Amino acid sequence: MKVAIVGSGMVGSTAGFALVMRNVVSDLVLIDLNHARARAEAEDIAHAVPFAGSTVVRAGDYADIAGAAVVILACGVSQRPGETRPELLGRNAEVFRAVIGQVMAVAPDAILLVASNPVDTITQVSTRLSGLPPGRVIGSGTILDTARFRWLIGRHLGIAPGSVHGYVLGEHGDSEVLAWSNVRAGSVPLTAFAAQIGAPLTQDVRDRIDLGVRRAAYTIIEGKGATWYGIGAGLARIVQAIGRDEQAVLSVSIVEPDALGVPDVALSLPRLVGAQGVTATLWPDLDAGETEALRHSAEVLKAMADSVPL
Ligand SMILES: NC(=O)C1=CN([C@@H]2O[C@H](COP(=O)(O)OP(=O)(O)OC[C@H]3O[C@@H](n4cnc5c(N)ncnc54)[C@H](O)[C@@H]3O)[C@@H](O)[C@H]2O)C=CC1
Ligand SMILES: CC(=O)C(=O)O
């Protein structure tokens with residue numbers, strides 16, 4: 001499978017590295033406005049190939065996207081310390097207006113995988129600009145927040161994050177919803193398991209985990225300027241699900257025709273991901289508070305999407 005990455009900064013290049021280490025891609029093309037950066041990242045990533053597999057990695061231009069099954073879009077600007085994701089919208093929507101047409105001209109059959117923030121709204125803008133069906137324009141959405149949630153719960157319980165089953169829903173951002181009522185450790189409901197092993201989920205523990213998920217990006221950006229490893233791994237995970245036609249359930253963002261009464265809005269829900277992109281959504285059973293919070297998140301995102309001129 002051929003994959004192209006437009007925007008070979010920290011997120012794009014780390015996604016490329018993660019793809020190489022997973023050995024799920026035969027051809028990887030890195031593109032950037034800054035050609036020298038794309039060339040340097042491609043060469044650096046290529047030097048990891050002998051330790052992992054056989055991916056052919058190179059820098060290229062838009063013409064080199066032809067034949068790509070997936071195009072990862074990680075171009076544009078990222079948050080400065082203290083800045084929110086929505087504050088990037090105007091600048092990144094402008095970048096995507098320039099980029100999507102060029103991608104579609106050479107790779108009309110590719111699945112678009114959006115990482116740039118605010119990722120839900122940029123996914124919605126990309127869906128409009130490309131004219132592709134919603135299931136073929138996928139935002140990484142809350143795949144990263146879900147990973148952070150599972151990691152923190154796993155640490156509290158002393159179990160592997162992969163044995164924690166639960167999702168963060170809605171916006172990849174401040175209004176996101178941690179769906180606590182759904183979480184299971186193995187097959188056991190979270191609260192029951194936590195009590196069994198003597199690590200109860202007190203309100204204080206929940207609040208700390210909520211903060212750890214919701215504020216993670218701000219804290220990391222304060223410390224090192226940006227985040228890239230978690231999202232790089234998350235993007236590679238999504239590409240693997242597409243490349244191997246896994247039908248994996250992942251929390252990713254696509255335009256939803258109706259999210260709890262909010263029409264036409266991109267947000268994350270657990271969705272089936274395979275070779276055709278997203279083919280189904282698994283609406284979770286939520287409690288009343290979570291349902292209301294998810295509706296609010298959808299309203300926040302809808303207002304943001306409507307603020308972008310067509
Ligand atoms: N979805 C998520 O969970 C996450 C999203 N992000 C977002 O990913 C995006 C990228 O972040 P970083 O890689 O840290 O930024 P970066 O600044 O390191 O890289 C962005 C790259 O895009 C390139 N670029 C800008 N305009 C372009 C154009 N028209 N065509 C091609 N390339 C262009 C730049 O030259 C730069 O190399 C940001 O919007 C950031 O907020 C970051 C972390 C997590
Ligand atoms: C930057 C960003 O969106 C994140 O790390 O969650």
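**Note on the predicted model**

1. Aspartate 264 sits in strand S13, which spans residues 262-274. Its phi is near 50°, a positive value in a residue other than glycine. Aspartate 264 is partly exposed, because its relative accessible area of 39% falls between the 20% and 50% cut-offs.

2. Glutamine 247 also deserves a look at the backbone. Its phi is positive, about 55°, although the residue is not a glycine. Glutamine 247 lies in the loop that runs between helix H9 (229-243) and strand S12 (248-259). With a relative accessible area of 35%, glutamine 247 is partly exposed.

3. On confidence: this is a predicted model. The mean pLDDT of the chain is 97, and 100% of its residues reach 70 or more. The model scores are ipTM 0.99 and pTM 0.98.

4. Next, the peptide geometry at proline 118. The bond from asparagine 117 to proline 118 is cis, with omega near -5°. Proline 118 is placed in the loop between strand S5 (111-114) and helix H4 (119-130).

5. An N or O atom in the side chain of arginine 85 is 2.8 Å from an oxygen atom of ligand 2. For the side chain of arginine 148, the distance from an N or O atom to a ligand 2 oxygen is 2.8 Å. For the side chain of threonine 227, the corresponding value is 2.7 Å.

6. Glutamine 79 is in the loop between strand S4 (70-73) and helix H3 (89-106). Is glutamine 79 buried or exposed? It is buried, because its relative accessible area is 7%, and buried means under 20%. The side chain of glutamine 79 reaches the backbone oxygen of glutamate 83 at 2.9 Å. Beyond its neighbours within four places in sequence, glutamine 79 is in contact with Thr84, Arg85, Leu88, Asn117, Tyr218, Ile221 and Gly225.

7. Threonine 146 belongs to helix H5, residues 143-157. Its relative accessibility is 5%, so threonine 146 counts as buried. Leaving out residues up to four places away in sequence, threonine 146 touches Gly166, Tyr167, Val168 and Ser251.

Conventions. Residues numbered from 1 in each chain as written. Chains lettered and ligands numbered in written order. Predicted model: local features only at pLDDT ≥ 70, side-chain atom pairs only at ≥ 80, totals over all residues. Heavy atoms only, no water. Helix = DSSP H or I, 4+ residues; strand = E, 2+ residues; numbered from the N terminus. Buried < 20%, exposed > 50% of the residue type's maximum accessible area, 1.4 Å probe, protein only. Contact = heavy atoms within 4.5 Å. Polar contact = N/O pair within 3.5 Å; in protein donor to acceptor, adjacent residues only side chain to side chain. pLDDT = per-residue confidence, 0-100.
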